[in-house]
Amino acid sequence: MPTKATTRAPSLLIKGGHLIDPAAKINAAMDILLRDGRVAEVAPPNKIRAGAEEKFDARGLIVAPGFIDLHVHLREPGQSYKETIASGTAAAAAGGFTAVCTMPNTVPVVDTEDWVVWLRSPERSALVNVFPIAAATRGSRGSALTDFVTLQHAGAVAVTDDGKPILDDEIMRAALRLGAELNLPVVQHAEDTRLTENCSMHEGPTSFRLGLRGMTSAAEASIVDRDVTLAQQIRESRLHVAHLSTADALKAVRRGKRAKARVTCEVTPHHFTLLDENVGEYDTNFKMNPPLRSASDREAILVALADGTVDAIATDHAPHAAHEKQVEFERAAFGITGLETALALAITKLHRDHKIPLTRIVELFTSGPARVFDLRGRGSLVKGNFADATIFDPKKRWTFEVAKSRSLSRNTPFDGWQFTGKVVATVVGGKIAYRSN
Amino acid sequence: MQRLPFFAMNKPPRGSLLGIEHMASEEILDLLKLARRMNPLKARPLLRNRRIVLLFYEASTRTRSSFEIAAKSLGAITTLVQSSGSSIEKGESLLDTGYTLRAVGADVIVIRHPSAGAPHLMASHLDIPVINAGDGMHEHPSQALLDAFTILKYKRSFKDLHVAIIGDIYHSRVTRSNCHLLTRFGAKITLCGPPEFVPEIASTLVPGLRITRHIEEALRGVDVIMLLRLQKERLAGQKIRLQDYIAHYQMTAARLQLAKRDAIVMHPGPIIRGLELTAEVADGAQSVIVDEVHNGVPTRMAILARALGKAK
């Protein structure tokens with residue numbers, strides 16, 4: 001009697017590639033054998049004796065631990081016209097991601113155990129690992145904490161009210177306290193919404209010229225500043241700053257890190273690539289929250305990506321339907337898709353243009369994010385870890401065409417962009433989940 | 001991606017007027033020249049049977065009526081569509097409204113909208129010219145053109161003309177358009193108002209803009225004074241006391257003395273007597289406020305003729 005096709009992957013030998021595994025301090029030619037969903041062996045070329053049912057020829061390619069995206073909106077439950085777990089994880093696989101952490105600002109908000117379980121159910125047909133992040137407050141309304149214990153038990157890897165900040169001082173303090181007891185990170189969407197009402201882009205010369213209300217960078221920095229102070233005061237609390245976008249917020253994060261507080265942060269590819277002025281004449285594919293910032297903010301982010309202040313690159317993949325974007329700029333939905341362009345942007349912008357080493361870029365996609373949410377057995381390809389790997393060609397030149405995107409949505413500013421660096425294959429649990437043609 | 005109708009295109013259709021910022025200098029001068037040849041009382045029916053839709057999502061007296069009279073003087077048919085009483089109230093999107101108006105046979109859409117960039121959105125999806133009659137805080141190009149037309153009736157050229165713009169610069173689309181137009185031709189502009197209305201960032205709009213908080217400093221020796229309407233609710237929002245604002249920034253006959261003797265006083269309207277200016281100034285010999293309204297008609301005749309390729 002045939003067993004379910006999903007139960008076991010054939011063993012896979014990734015042969016001839018160059019392994020970059022920053023956590024294991026490996027940057028050398030290595031063969032990798034994956035068996036039963038785990039890493040069975042990592043050895044120099046042609047040293048692996050054990051046979052494999054399948055082989056992947058990785059000559060000329062970089063093999064890395066599977067990429068982890070700490071910040072995606074897959075829109076289920078409730079908004080499957082924008083994206084589904086199935087379509088979003090297909091886009092993730094195409095972008096080299098083997099694990100994604102889903103944000104809870106769905107309809108309804110993921111604030112109960114049942115929804116966390118629902119998200120992780122095999123019926124969602126996820127192509128990569130899905131780690132739900134649960135709401136920090138009930139309905140993400142910011143007034144009463146959710147049941148962290150139950151949510152964590154059901155599989156939530158962190159809590160957040162993303163899309164909105166946890167604004168109230170007492171609530172934030174309570175969240176960090178409870179998080180500290182459970183070793184559960186609290187993810188903050190740092191925006192003092194009292195300062196950003198009706199704003200649709202960064203406050204600066206461009207917003208003034210376009211006649212759009214601008215979000216001051218202080219609205220982000222002040223919240224990060226407060227949160228870092230709280231995190232310093234509450235022993236063992238874990239604060240993670242989502243989609244950090246300003247130089248001033250980075251200063252606060254550095255302060256926390258110097259004080260040995262457990263403060264981490266992520267940066268998106270669009271914030272290290274684009275500027276507020278790229279909004280052009282009201283192109284809503286350049287509208288996101290936090291908004292594209294000034295040149296000095298981007299410069300500070302590039303420095304922080306290089307020097308280790310930033311822990312992870314996260315996409316903030318935020319799909320929206322055309323009718324939500326083809327409207328007046330001020331009415332358009334915030335957010336862009338990002339899963340399929342993240343690695344290409346990192347290699348093109350960070351490595352090619354700014355000379356950040358590939359090892360550091362791989363770290364920002366693998367061991368960095370794995371540490372932020374304690375994703376055990378991931379972020380490194382050492383023996384016994386999960387058989388998740390990302391194989392890419394750092395020199396391949398290609399053009400991104402949104403028409404070919406696996407996402408259900410098309411809201412990207414990068415359509416037609418020429419990139420250096422392309423995902424060749426994505427291996428999830430020892431199986432090839434994506435292979436470029 | 002939502003499939004666009006067959007007539008969709010991405011560049012603004014020829015003849016559109018979306019803003020002054022990206023308009024070529026010669027185009028501006030040609031329009032002003034054409035406006036001088038337009039006489040609403042003796043107009044040739046250049047636009048006979050052309051259909052011009054006035055799509056107004058915001059209240060307007062001057063702009064709407066002068067576009068309508070300009071269109072009708074040239075023989076065009078006009079239709080007014082307002083947000084209340086139309087499908088806009090039922091939630092129809094801006095683009096769908098545009099497609100609908102195109103389908104009923106509009107040859108030009110003149111649009112006023114509270115959101116910056118709304119005319120640009122429409123222009124990038126339609127194949128007929130779109131005229132911006134004011135979009136949010138962004139631009140009001142026909143006002144800047146009629147202001148330029150008015151200035152040239154009283155002054156020989158824009159070169160080295162000293163202009164003071166006083167009031168709520170931040171919210172003012174008229175100011176943005178006027179700054180783009182006047183500095184292009186060599187005028188020197190000083191913006192004046194409290195920081196809440198004239199943020200430092202305003203000086204980045206065009207090169208050479210000067211900011212002062214003191215009306216006396218702004219007025220000394222200027223050729224042109226442009227006043228702006230003050231919305232009381234905005235004062236409240238910025239926590240400025242009305243009495244303080246009047247004390248510091250109201251245009252009075254005494255302050256007018258600081259300007260050149262032949263300085264003109266302009267205002268895009270509607271004016272609120274006793275607030276941003278005294279009745280004495282509004283009705284005084286140096287006020288050209290009514291003339292501006294008057295000049296709106298030939299200027300908009302020129303804009304519409306250009307839109308439909310009848311500018312000659």
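Tutor: Two residues are in contact if their C-beta atoms, placed from the backbone, lie within 7 Å, and we will need that cut-off for the predicted model shown above.

Student: Into which domains is chain B divided, and how far apart are their centres?

Tutor: Chain B has a domain 1 that covers 25-139 together with 295-307, and a domain 2 that covers 142-292; taken over C-alpha atoms, the centres of domain 1 of chain B and domain 2 of chain B are separated by 26 Å.

Student: How many residues of each domain of chain B are in contact with the other?

Tutor: The size of an interface is often given as the accessible area lost when the parts come together. Here we count residues in contact instead, and find 20 residues of domain 1 of chain B against 17 residues of domain 2 of chain B. On the side of domain 1 of chain B that touches domain 2 of chain B, at least two residues each are supplied by α1 (25-37), α2 (62-73), β4 (130-135) and α12 (289-307) of chain B, and the residues of that side divide into seven nonpolar, nine polar and four charged.

Student: Why does the radius of gyration of chain B agree with that of a compact globule?

Tutor: A compact globule with 312 residues would have a radius of gyration near 20 Å, and chain B has 20 Å, so the two agree. Along its principal axes, the C-alpha trace of chain B spans about 60 × 40 × 35 Å.

Student: What share of the residues in chain B is buried?

Tutor: Of the 312 residues in chain B, 47% are buried, and among contacts with a separation of 6 or more, 77% are between residues 24 or more positions apart.

Note on methods
Residues numbered from 1 in each chain as written. Chains lettered and ligands numbered in written order. Predicted model: local features only at pLDDT ≥ 70, side-chain atom pairs only at ≥ 80, totals over all residues. Rg over C-alpha atoms; globule rule 2.2 N^0.38 Å. Buried ≥ 20, exposed ≤ 12 C-beta atoms within 10 Å, placed from the backbone. Domains from an automatic or database assignment. Helix = DSSP H or I, 4+ residues; strand = E, 2+ residues; numbered from the N terminus. Nonpolar A, V, L, I, M, F, W, Y, C, P; charged D, E, K, R; others polar.
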